[in-house]
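User: Hi! Could you walk me through a couple of spots in this protein?
Analyst: Happy to, let's have a look together.
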Amino acid sequence: MNAMLLPAAIDAIATLIERGDLAGAEQRAQAALQTLPPHAEIWRLLAITQIRRGQLEAASRSLQQAQRLDPDSIEVLCNLATVELRSGRAENARDILERAFVLAPNHIGVLNNLGRLRHQLGDYARAAQCFELSLRADPAKVMTWFDLANANVAQHRWNAAESHVRRGLGLAPRSADGWYLLGYLYERQGRLADALAPYRTSMELAPRARTAHNLALVFDQLGHWRSAAQMMEQALRLEPAMHSALSHLVHIKRKLCDWTGLAELGARILAAVDADAAGVGPFALLAENATPAQQLRCAHASARQYRHEARQSVQMAMAAGALRVGFVSSGFNQHATGLLIVELIERLRTSRLATVAFATAPNDRSALRQRLARAFHEFHEVALQSPEAIAQKIHDARIDILVDVDGYCMNSMPRIFALRPAPIQVNYLAYPGSLGAPWYDYLIADDVVIPAAQRAHYDERIAYLPRCYQPIDTTRAVTEAPTREALGLPANGFVYCCFNANWKITPERFALWMRILAAVPGSVLWLLDERPGNGVVERLREAARCAGVDPQRLVFAPKADHAAYLARYKHADLFLDTSPYNAHTTASDALYAGVPVLTRPGDTFASRVAASLNRQLGLDETIVGSDGDYVALAIELSTQAARLDALRARLRDPTVRARLFDMQAYAADFVALLDRMAALARSGQPAQDISL
């Protein structure tokens, strides 16, 4: 008799769940379990109420009872997978759904859920297979077309992805998800102008924080900084806890030299870092007043998103013989990274190393790109390929030591290194800090940028060069410059300069510069107008006016080709460094052109690079310990011509210059450092700090 009551009881419990009466549904299910014969569906419905009420352990126990009664129930397996996923056990959830797939290979729910889990765990090709099978059964499922497109985007199968998005949009032309995905795949390909319209359409259909965030990133990369800031502010209004939007907003405001509200926004970023919140960009944080400990904490948070992929190791034993050293970078173009590294690679060509490039950015056809391609023993064009494909190519190339020349800079690909395609992996040059990830063995530095007092804030083993860690291209000629008047400079007067990117200029450092100008009549400050039309010139001149300095004493130079830029230094008297993010490439450019660099180092790597350059040249007197000393020395050098001339003469002295600009000696030290890394690995020893 009781068995006849089962269908009615099941229907009643399901109806209560549909109405949202979870307490009533749970009570009815518990009563049914007491009075009716055991039945898997009642246990399953009880589990659903427990899942929705957040009682995951209880739900797991209920589903185990259901599975005991009906081991092959697809619904029970799907619910078990949900519990495992919500409990943070994604691999277990996938395994359960894999079993369900074996039992019911055409079950659309199983296929879609398994596909999404495979995607989440980085198994993109097999995720796509699930969605393809699902669409064969039901080609009218709009979201499945988008899921398939997403899986193809992850594999960098761009044409297939676009085709699938458009199939979905054909079924649902007003789908905000579809238009967002179309914009996203254009953005990922670097088709930035094409990405604008789809993102805007998605925002019109359904204003969402992630869409506003990505649209802002596109505006930023196109140089439309004001639009980028406005859109990032909208993202934060839609989702106030979106830390990636907060981080990018602050960085964009720094590019604009729009310092309104910056102190409060910066404090929010540091609070997010202290709370281990995800989303704060490690690179953007370098421009904030963060401690080395906070920078490392932020790097840890960023690395966490790749940890599940780090287990997919393609580790191999190190081969004997000549070292094969791979370099991965998006900067093997007309880019600061390319400018710094090109001569080093040329010098390494005659060493016992085999150098192999993996260029992740499209060929810009520049002379520098061509020079880099000639310098490496092998040059692989891997732009627009997936991290998995690049990692496999690196593994197939039998690379012994793999050097990340991007870190967390723009267009970097950390997933390549999380996949561990080489026995030894090294953080070098572009990113001035720890990457906070266990798949990096070494960080190449020097004892100025990472002094002993700060060593604890770097996860990698430190490979210390016995010189400034930064290479430079010493083959460049510093040509004659146009006249001062042609460059917008006054005919007379002391010329301070800082050709750093605008985002490195802080209101605190600008205030020091205004104190210097106020104390040195007739002097000017020569700055870079990085992106005309964004109001940077007007804002900085207004800030000068508010500080009591004639705004016209700020002179702005447009961006120019490298030779013309380097020639400008002929008319500069003293380079004023920024903090907490120093001049790096620009500092070495200034010194190479014969202009002293005044710097005040802090505690972080990024704030100590100019000091490392100066120390290598023996110019310790231009390294100061306080803001007061910085201002005082800048003023003194403007009035003590003999003292300034002596500094400039030392920068012309071949013996002094060789300390920093001898790239053959640098290359020899670089090779020795990599040899030490390899020797430790071949002897079975773990990575350890190395000094030559």
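User: What does the side chain of S329 reach at 2.7 Å?
Analyst: The side chain of S329 reaches the backbone nitrogen of G331 at that distance. A quick note: this is a predicted model, where local features need pLDDT of at least 70, side-chain atom pairs count only at pLDDT 80 or more, and totals for chains, interfaces and linings use all residues. Residues are numbered from 1 along each chain as its sequence is written, and side-chain values use heavy atoms, with hydrogens and water left out.
User: Which side chain does the side chain of S329 make a polar contact with?
Analyst: That of D406, at 3.1 Å. A polar contact is a pair of N or O atoms within 3.5 Å; within protein, one must be able to donate a hydrogen and the other to accept it, and residues adjacent in sequence count only if both atoms are side-chain atoms.
User: Is S329 buried or exposed?
Analyst: S329 counts as buried because its relative accessibility is 0% (buried means under 20% relative accessible area, exposed over 50%, partly exposed in between, with a 1.4 Å probe and protein chains only).
User: New topic: how do α13 and α14 cross?
Analyst: The axes of helix α13 (residues 209-221) and helix α14 (residues 225-238) come within 8 Å and cross at roughly 165 degrees. Axes are lines fitted to C-alpha atoms, for helices over the stretch in contact, and angles run from 0 to 180 degrees between N-to-C directions. Helices (H or I, at least four residues) are DSSP runs, numbered from the N terminus.

Terms used: Helix = DSSP H or I, 4+ residues; strand = E, 2+ residues; numbered from the N terminus.
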